Amino acid sequence: MWRRILAYILFGLGFLTLTFFKHYTGELIPYPFLFWLVGLALFAGGLLFLRYTPDGRDLEARKKLVATIADLKNNGEKIQVDLSKCEIKEHSYSEEKQRYGNDNPLLTLSIESEIQGWNTLGGGGWRNVVAGQIRADITLISTF
């Protein structure tokens with residue numbers, strides 16, 4: 001939670017610094033462009049920190065998952081299997097995922113969408129995707 005608060009503070013300070021020093025014409029601060037760059041860095045850092053920090057629901061789901069796994073390891077039913085009676089079937093395929101951005105279009109930054117567009121227009125649409133290998137194995141146990 002503190003990370004998200006820090007991200008909002010960085011984002012806000014960066015935004016205020018950017019807007020103030022964009023049209024600063026005073027003489028008190030000798031190099032306003034450097035402060036504008038610092039504001040830009042704060043803004044970008046807050047935005048990235050906000051984007052890649054999990055929220056409370058994600059943290060609670062992760063805690064529940066870890067607790068469930070620990071409970072299954074400690075109290076789960078252990079099944080004895082004769083491996084000579086097992087048959088393993090496998091299903092493998094490849095899947096293409098977007099290289100830039102997120103699966104949720106609301107979380108994708110505009111610059112990432114622009115990169116995809118320029119790659120597609122320039123004939124390099126293959127750069128927008130990454131091929132991933134998916135492998136699923138099924139173990140069939142015959143009890144006869």
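Author: Helices (H or I, at least four residues) and strands (E, at least two) are DSSP runs, numbered from the N terminus. The model is predicted, so local features need pLDDT of at least 70 and side-chain atom pairs pLDDT 80 or more, while totals for chains, interfaces and linings use all residues. Residues are numbered from 1 along each chain as its sequence is written, and side-chain values use heavy atoms, without hydrogens and water.

Reader: Where does tyrosine 31 lie?

Author: Tyrosine 31 is in the loop between α1 (2-22) and α2 (32-52).

Reader: Why is tyrosine 31 called exposed?

Author: Exposed means over 50% relative accessible area, buried under 20%, and partly exposed in between (1.4 Å probe, protein chains only). Tyrosine 31 has 59% relative accessibility, so it counts as exposed.

Reader: What makes threonine 17 buried?

Author: Threonine 17, in helix α1, has a relative accessible area of 19% and is therefore buried. Leaving aside neighbours within four places in sequence, threonine 17 is in contact (heavy atoms within 4.5 Å) with Phe35 and Gly39.

Reader: Is threonine 53 buried or exposed, and how do you know?

Author: Threonine 53 is in the loop between α2 and α3. Its relative accessibility is 10%, so threonine 53 counts as buried. Not counting residues up to four places away in sequence, threonine 53 touches Arg3 and Arg4.

Reader: How do you know whether α3 lies in the open?

Author: Of the 20 residues of α3, the number buried is 0, so α3 lies largely in the open.
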